[in-house]
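This report covers a two-chain model. It starts at the contact between the chains and then turns to each chain in turn.

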Amino acid sequence: MRRTRISHLSIGLLLGYLLIAVALVYWTVGRGTALAERPDNPRRVEDELRIRRGQILDRNNAVLAETMGPVDDPERVYPVPNIGPAVGYYTFRYGTSGVEEGYDAVLRGDSDDVWEAFWRENLHAAQTGRDIRLTLNVTWQRAAEAVLGDSQGAVVLLALPDATIGALSSHPGYDPNRLDEDFEALVADEQAPLLNRASQGQYQPGLALQPFVLAAAAGQNLLALEETVADANRPVQVHGLERQCATAPPQEATWVDVLQNNCPYPMQTLARSLSEAELAAIFAGFGLTEQPQVPLTVASPPAEPVVDLEAALVGQDALTVTPLQMARAWAALANGGMLPPLQLVSAVQDGSGVWQAVTPEPEPVAAVPAPAAEAVLAALPRPEGYREYATLALAGPEGNRNGWYLGLAPAGEPRYAVVVVLENSENLFEAQRVGRALLRVVSGG
Amino acid sequence: MSLTSLTMLAEERRWQERALLLLAALFVLTSALTLSLALEGRIAGNHLAAPAIWLLLMGSAHGLLERYRPQRDPLLLPLYALLSGWGLVLIDRLAPNFLWRQTVWLGLGTAVLVAVAILPYNLRVLRRYRYTWLTLGILLLVATLVFGVNPAGVGAALWLPLPFSPRIFFQPSELLKLLLIIFLASYFDQYERTGGLREQKGLRAHLFFLGPLLLMWGFCVLLLVWQQDLGAATLFFLSFLALLYLAAGEWRYLAAGLGLLLLAAVLGYFTFAVVELRVDAWWNPWPDATGRAFQIVQSLYAVAAGGITGQGVGQGFPTYIPVVHSDFAFAAIAEEWGLSGSVAVVAAFALLAHRGLRIAGRVRRPFHSYLAAGITILFAAQAFLIMAGVTKLLPLTGVTLPFVSYGGSSMLMSSLMLGLLLYLSGRQGVASRGLRD
């Protein structure tokens, strides 16, 4: 009898243990993923810390960001100070931004390969990130930082004809190496150093739109640059302020003189031959109403760029632009009217460590006919061998002005395009000085 | 069975045990090496010294048992070796400060195991003086009310400092487990010797069992009230119920006992904060995952993180679980050795239970049978309670995983009890009927 009862007990105990085995399978296989993803699971943090994040390199393989230190206490290091606006940041506490965010999956080493992911998951293999190569050039980047100095604004340098971003600077910026320590102060800072002015700063373009509108109008045969313009220096009212040419044009001014002297009134006369929709189409043609496809936080364009046609023609309407958008439009003029895609990442490593080129998007499209683009460029001044256009744009009803500088070097066959915007600028020369200094560095002048 | 058959059986059993011990040694040493590489990046002596001592201890135990108790069960020592060696690696991983202390306790435990298993003596003294043993155990337990301390400085004062070394502590409830089993085995043995239920009819027969049932329930409730030792109280009562079923063969007693256990749990829930906390944390831990349910939630995270093959020795994060080296060693195994490791531990305890009950079924004397069954049930129930707690099948009871968790008293008494099982399995009478099927 007792042996039978012992058998019963034995079966009961074995069933109990079987129940535990089932519970283990349930928590491990059935609920494993859900528990791993719970925000209060510290293993998420630990797993993230263990990932050896990939490097971010410049176009010459100079390191812009890398992970250093011991496996259990890694540190993301950015050898170029204040490079934050160009590459973003990665911190454990505050997350990612910029390229670090846009290419997070690559830098973390996430894999689309189902088998690779399966084995890694089940063998708990260490995850190693892949490297990416940017189009930035450390030398140019440092130069852009230096020439911008303490001025509040942004600089974008493009290498032509591919419109690869060679330098991108925003001031005030931040040192991504110190983000954990400085984050609260950066957020509270009224000058908004975390705002990437190059890609997020939405500036009133003012007459910086002039070359594009004139090229489009010329392309549509609405005007010829050589024809004379009546009352070129006539003042116009903008936000209750009287504005006229930056410098006095000749008596018999042509559209070329209008361009060279930043005259607003003739621009407004184009309202007679352009509708709101047509002007909006011109803006769209230069990519001023779309977000550039780069792995940076970019500003959203206004839903309705043209509300008041006359104001829009002098860049004082609903349309605001970022320096990055302006640089792309500027590159279109330099590229014979073809609007290029911007490119910040040139290549990424695949799972085997082989570099794969990144194709920029979208495909180039014609913004204006090539002769019109070339004609406008030819009409621009050529100091020091550069093509350039500079203007001061009203930045609001209080009369603040932003200085715009659009430069190309060399003047004949441009290989570099620079766009500078300086906030609260008093005269044209400040932005001009910054832009020319950078062009001098990159073109070896 | 002829002498030749017995000799052949003993020889086969010897090789079985050797092979299993070799496997255990391979596993433990590989784990220790892996741990060393994971933590230090090299093979470091401090991670290999304890396993080396363990190897020496197990080799010596095998040799001595081979010589003096050749007819023993061939699986018990390998199971002990596997679990205790795994435990040493785990303590090195989770609480290296306690490694040497645990190694010393393992040394003492192994010595006691071998001594109990091989020394020529008679268990009659245990059977005859059952009330003396039980009184001694209860007195020690009561002593904790006066002199009890908690080595950690906080929590229930369940330990007594040893007189010769105030820095070494002993948990009387661990001794009481064995003394209670001896008492119950003797009690039911006497009942069986005097005719058992066959000669008792009606209320008298029931009273023979219901009396102790209520008495035991009362004792466990008192234990809970006095010491708030939920684990020991549950364990005592479950072991008692299992032995009661063995003796009486009545499912009704088992059902009544489980009902009483549930009643005690309900009373405890409304009376004691510790019981309320554990039941709440078990029923729905998620709303308070970072507060009162932190321990069980972290334990579940550890189990989930292990996956099928585990994070690897020294490469998980089990130390997020408070008191992981003691109460949650099983969760640490699940995280670092994965489902394969945790199921292996479950299988090891299932095998231990199976072999222990097999011994209980094969010994001739009722006292020996009850003793073997009681010890086995104690191991099995204790392992079940903590593993079920870790996997949220039951509320946590705060018991250790036998042979694996950190705890000197537990290691010593568990070794002693396994020694008794080896002794009972190795007696000529058992062997002659064959443990080999």
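## Where the chains meet

α1(A) and α12(B) pack with their axes 7 Å apart, at an angle of about 75°. That angle makes α1(A) roughly perpendicular to α12(B). On the α1(A) side, the residues are Leu24(A), Trp27(A) and Thr28(A). They meet Leu300(B), Val303(B), Ala304(B) and Gly306(B) in α12(B). By class, this contact has 5 nonpolar residues, 2 polar and no charged. The model is predicted, and its values are computed.

Helix α1 of chain A, residues 2-30, lies against α14(B) at an angle of about 175°, with the axes 10 Å apart. The two helices are therefore roughly antiparallel. From α1(A), the residues in this contact are Arg3(A), Ile6(A), Leu9(A), Ser10(A), Leu13(A), Leu14(A), Tyr17(A), Ile20(A), Ala21(A), Leu24(A), Val25(A) and Thr28(A). Their partners in α14(B) include Leu339(B), Val343(B), Val346(B), Phe349(B), His354(B) and Leu357(B). The contact of α1(A) with α14(B) divides into 17 nonpolar, 5 polar and 1 charged residues.

| Helix pair | Angle | Axis separation |
|---|---|---|
| α1(A) and α12(B) | about 75° | 7 Å |
| α1(A) and α14(B) | about 175° | 10 Å |

Now the contact as a whole. It takes 40 residues from chain B and 32 residues from chain A. On the side of chain B that touches chain A, α9 (230-248), α12 (294-306), α14 (338-362) and α15 (366-390) each give two or more residues. α14(B) supplies the largest share, 11 residues. This side of chain B divides into 27 nonpolar, 13 polar and no charged residues.

## The helix α1(A)

How does the span of α1(A) agree with its 29 residues? At 1.5 Å a residue, they should span 42 Å, and the end C-alpha atoms are 40 Å apart, which agrees.

The buried residues of α1(A) are Arg5(A), Ile6(A), Leu9(A), Ser10(A), Leu13(A), Gly16(A), Tyr17(A), Ile20(A), Ala23(A), Leu24(A), Trp27(A) and Thr28(A). In chain A, they pack against α2 (32-36). In chain B, they pack against α9, α12, α13 (329-336), α14 and α15. Leu24(A) and Thr28(A) are buried, and both residues take part in the contact with α12(B) as well as in the contact with α14(B).

## Strands of chain A

Strand β16 (residues 401-409) of chain A is mostly covered, with 9 of its 9 residues buried. Arg401(A), Gly403(A), Tyr405(A), Gly407(A) and Ala409(A) point one way. Asn402(A), Trp404(A), Leu406(A) and Leu408(A) point the other way.

β16(A) pairs with two neighbours. Strand β15 (residues 387-394) of chain A runs antiparallel to β16(A) and is joined to it by 8 bridges. Here Leu392(A) stands opposite Gly403(A). Strand β17 (residues 416-422) of chain A is also antiparallel to β16(A), through 7 bridges. Ala409(A) stands opposite Tyr416(A) in β17(A). A hairpin through 6 residues joins β16(A) to β17(A).

Elsewhere in chain A, 6 strands form an open sheet of mixed pairing. Their order is β3-β2-β1-β6-β12-β13. Which strands are at the edge? They are β3 (75-77) and β13 (355-357), each pairing on one side only. Within the sheet, β1 (residues 56-57) and β2 (residues 63-68) pair in the antiparallel sense over 2 bridges. Ile56(A) stands opposite Ala65(A) in β2(A).

## Chain B

Chain B has 17 helices and 2 strands. Of its 437 residues, 53% count as buried. Among contacts in chain B between residues at least 6 apart in sequence, 70% join residues at least 24 apart.

Helix α4 (residues 99-118) of chain B has 20 residues. From first C-alpha to last, α4(B) reaches 28 Å, close to the 28 Å expected at 1.5 Å a residue. Its buried residues are Leu99(B), Gln102(B), Trp105(B), Leu106(B), Gly109(B), Thr110(B), Leu113(B), Val114(B) and Ala117(B). The buried residues of α4(B) pack against α2 (45-68), α3 (76-94) and α16 (408-426) of chain B.

Notes: Residues are numbered from 1 along each chain as its sequence is written. Chains are lettered from A and ligands numbered from 1 in the order in which they are written. This is a predicted model: local features need pLDDT of at least 70, side-chain atom pairs count only at pLDDT 80 or more; totals for chains, interfaces and linings use all residues. Two residues are in contact if their C-beta atoms, placed from the backbone, lie within 7 Å. Helices (H or I, at least four residues) and strands (E, at least two) are DSSP runs, numbered from the N terminus. Ala, Val, Leu, Ile, Met, Phe, Trp, Tyr, Cys and Pro count as nonpolar, Asp, Glu, Lys and Arg as charged, and the others, Gly among them, as polar. A residue is buried if 20 or more other C-beta atoms lie within 10 Å of its own, exposed if 12 or fewer, and partly exposed in between; C-beta atoms are placed from the backbone. Axes are lines fitted to C-alpha atoms, for helices over the stretch in contact, and angles run from 0 to 180 degrees between N-to-C directions. Angles under 35 degrees count as roughly parallel, over 145 as roughly antiparallel, 65 to 115 as roughly perpendicular and the rest as oblique. The expected span of a helix is 1.5 Å times one less than its number of residues. Two strands pair if DSSP finds at least two bridges between them.
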